[in-house]
Each structure stands twice: as structure tokens, then as C-alpha cells.
Amino acid sequence: MKKSEQSISLHNRLVRSIMALAAVIMLTSSAAIIFMVDKQGAHVIADETRAWANLLANNSAQYLQSDNGQVRLKNQLKKLITTPLINHIHVYRTNQDDSIEYFSSYNRNHNYPPISDRISEIAQLSTVQHQANHLELIVKITQAQETIGYLFIQTSLLEKQAFTDRLVYVLLAFLLFSLILAFGVAQSLFNNINQPIDSIVDELGQISRSRNYQTQLSKLPIKELDVLTVNINVLLLRVEKHINSLIEEHQHTQTKNKALEHRLSSRTDALKESNQELLSTLEKLHEFQGQLVETEKMASLGDMVAGIAHEVNTPIGLGVTASSLLADKLNEIKTAFEDKTLRSSQLKKFLNDGNENISIILRNLERAAQLISSFKKVAVDQSSVENRTFNMRDLINEVILTLSAKIQSANVIITMDCPDDLIINSKPGPINQILINLILNSIYHGFDGLEQGNISISIMNLSDQIHFNYRDDGVGIDKTMKTKIFDPFTTTKRGSGGSGLGMHLVYNLVTQALGGHISIEEENKPGVSFEITFPVELAAS
């Protein structure tokens, strides 16, 4: 690299040096201030977290052993908590066998998703633990110097972070002001030492405006600047020659550009036509997607119909067999009676056999009626999006009953953990459709090639929200598929009957129909696990 290319102007050198010094001083001071304020703010919030935890623990003790304590404690927490600092409160009760169970909770608002319990982390959270955006702490709830429970508190660090951000903006403003002031000082110093160069700049400006590059700069009394003017005069003569050659090249380039513009215009028109065709195709794809989603719903209903038909045929067939046998026995008794050969032992045996056959017929007809009733409830709910009050456990049992044929043929065992008295007001149709799609997805994909499968369904009510955990121990989902599992047309059964709309339909039902959240766990365990939460209204049991 040439020496002239490495040089820097006096103005730039002076300005950069002064501004760099000012920037270093301000940045160092700002970093120290931000560090001290951030550290002190964290200590203050930690102290407030401990104070609130102790206050709420003292006020919660009287409710842990009282009747209707859960509802009263929840209402008391809503009255006591007057600060936006607190995100979550969990209260756990210690039983007589030293086990610990969830008792009540508080969320900042219903739109704030609840969090899982921290019973397994009581020892770790006995001191304040710092997370990314919040602090967590668990304190004991004591009565008469005896531990009767624990209180978990989660406080937000967002206000402290917002204050730190505002402080950063203020310090940045001071930094900008300092740089402007430093620039002004440097500019003033530069003006005092730049007077001899101004005359050269003025003459060059006149030459540039007049475009008369044959004009020569006048001599200067300063030797160094006079050498500069001589070289500039030589440069001006060369510029004159170079401009003439550029004019000729420019004319030639314009001719080429016009030809290129014509070609570009033609290709642009062709591209517009292609884009219009693509937009039309995309609109048709959206229409087909909606039709396929409806087809997916009808497919799951068809699976239930096939399963119910298989299940109903069995008890009806047994009933027909028993009734035929009873008819044959009745004809035998009638013939013996008419021929006056009827014996008491024969009549007694007929009565015993008849009673047994009638019992068989009755049991199987009741079984068929139960299956048809469950299917009617599930089918009606699946086609309805209206709210109604229902028992959550009964709703899940009805879905499992309608899919019993599929479940038995796939050798799947379903375990359910749901309170018997969980009565809610919500939309049973979307819940049915979600559960049906998840179970069928596990049977068709998760347990494909396996001799047996297990599905667990866990239901909890936390702060007027249903926490729904669905898990199976099947083959699981590949990591590359997890990131797009809820996208439409994502399937591992492409070409084998899979539409790729099942999980997309589940996602839309959870987020739109129920106004909730759904996520897939990232743990590297066998099978797959989905976490679903959605708001509900509790009904009187």
C-alpha cells in the first residue's frame, strides 16, 4: 500500500483523537454505573421477594387446615398482593405422613400461563435463585413452631431490567452529548490551524464549478503547500484529458444500457406473468388445505364409526345367539307340554337356562346401548363448538370408549390421572377432537411396528386453567420434525395415507377454539409428550 493511502487528514486525526478520549472516559464511567445499579437493584428485589414470601406465608398458615381453605386462600392472596412484582404464588400443604401436596396458587392474570409445581425443588429454592427474567424462593409455613406447608414465590426482574435499559439510554445520551462537545472542541482547534489550506480549497472549488481544468492554482508562501499546488496543477491537466476520454466512453455505455433496459423490461413482463400464476396456484392451495382439514375431521369420525360398529356387533351377536337358543328351548317345552310329556325337571332346567339367556341378552343390549350413547355424545360434541358444563373425566372416558376397537387392536394401554369431580364450563367439541387426533396419531405413528404401547393422560386445574399432559412411549418424533410438527402437510406417512394435517388441526383447535397454548417437550425420552393449557370456568360440583 502506498504511503499516501495510509495518511489521514489533520482534521480527522484531531477529531478522532479527542472524540476517542471522550468516548473511552464516558464508556468506562457508564459501565461502572450500570454495573453498580444492576447489582444493587438485584439485591433490592431479592430483599423484597423474601419480605413478600414471609408475609404471605404468615397469612397462609390459617387457611391450610380450614374448610374451604383453597378458595379462601386464593381470594386472600388476590387481596394481599398489590405489587406487579409477583408473577406466581404456589402454596403446598404438608400432610400427616410428611408428604407434600399442591394446595392453592396465584397468577398475575388469567392470560399469564401457569407454571408446574416446585415440590421437587424445595431444598434448592430455600434461598433466592436468580433466573433469566425472574427470582424464585420457597419458604416454610409454620404454626406453633411446626412446619405445616411451604410457599413458593416467583418475582419479576423485568422492571429492574427496564430501569437498567432507561439508565443505558440516559448514559448513551450523555455519551452523545460528550462526543458532540468533543467534536466542537476539535473543530475549533482545527479551524485555527487550517487557514492556509482554505485558499487552495477555494480555488479548487471554483475550478470544479467552472469545470475549466486548464486553470492553474496560484503559488503559496508556505513551501510545503506550494509543492502541493504544483502537483495539483499537474493533476488538473491530466483530469482534463481523462474527462474527454470518459465522455466518449459514457456515450458508448449509454448505447449498451438502452439495449440492456429493453431486455430487462421483456424479462420483467414475463416474471409478472409467472408471479400471477403462482398467486393463483397459492389461492387454490389454501382452498384445498381447508377442504383437507375438514376431511381430516371426518376421517377421525369415520375411525370412531368403524370402531363403534365393531364393538356394537359383538354384544348384538351374543344377544342374537342367546335369543335363538332361548327360542329353541321354548319350542321344545311347548311341544312337550302339548304332548303331555313335560317333566318337572325339564321345566326347571328350561327356567334356569332361560334366566341365564335373558341375563346374557340384557347385559349385551345394555353394553350396545352404552356404546351407542357414548358415540352419540362424542359425535355431537365433535360437530359443536358451543360451551356447556361437563365432567372432564367422563368426557375423556367417552372418547376412549368410542375408540376402544382401535385401542384394543393396537394393544394400547391408556392410564388417566384426572380428578373425579372436575366439572368445567368449556367447549367439549374441540377437546374431543384434540384427544381423538392425539390417540390416533400415537396408534398410527408412535406405535407403528411395536407389539404394545402405553398412553398416559394427566389433567390438572391450576388458577382457572386446565393443564393437560399427553404422553406415549412410542418411537417418538425426529428432531428435524419437532420444529415443524404443527405445520400443515407435515407427515412421516407421505404416500401411505397420511395427510399431515392432524397435528395442524390440533394446534388450531387449542390456540383458536380454546384460546390456549400447546408445546412439545424437547426431552430425549422414548415417545412424545405434549403440554396443553387453556382457560376454563369451574362449575359447582
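**Helix crossing and cores**

Modeller: Helix 8 (residues 392–402) and helix 10 (residues 428–446) have axes that come within 10 Å and cross at roughly 45°. The model is predicted: local features need pLDDT of at least 70, side-chain atom pairs count only at pLDDT 80 or more, and totals for chains, interfaces and linings use all residues. Residues are numbered from 1 along each chain as its sequence is written, and side-chain values use heavy atoms, without hydrogens and water.

Biologist: Why are helix 8 and helix 10 called oblique to each other?

Modeller: Angles under 35 degrees count as roughly parallel, over 145 as roughly antiparallel, 65 to 115 as roughly perpendicular and the rest as oblique. The axes cross at roughly 45°. Helix 8 and helix 10 are therefore oblique.

Biologist: Which residues make the contact?

Modeller: Contact means heavy atoms within 4.5 Å. Helix 8 brings Met392, Leu395, Ile396 and Val399; helix 10 brings Pro428, Ile431, Asn432, Leu435 and Ile436. Eight of the contact residues are nonpolar, one is polar and none is charged.

Biologist: What makes a set of residues a nonpolar core?

Modeller: Its members are buried Ala, Val, Leu, Ile, Met, Phe, Trp, Tyr and Cys residues joined through side-chain atoms within 4.5 Å. Buried means under 20% relative accessible area (1.4 Å probe, protein chains only). The largest such core has 44 residues, and Met392, Ile459, Phe468 and Phe530 have the most contacts inside it. Helix 10 gives the largest share, eight residues.

Biologist: What does Met392 touch?

Modeller: Leaving out residues up to four places away in sequence, Met392 touches Cys418, Leu422, Ile424, Ile431, Ile459 and Phe468.

Definitions and conventions. Axes fitted to C-alpha atoms, helices over the stretch in contact; angles between N-to-C directions. Helix = DSSP H or I, 4+ residues; strand = E, 2+ residues; numbered from the N terminus. Nonpolar A, V, L, I, M, F, W, Y, C, P; charged D, E, K, R; others polar. Buried < 20%, exposed > 50% of the residue type's maximum accessible area, 1.4 Å probe, protein only.
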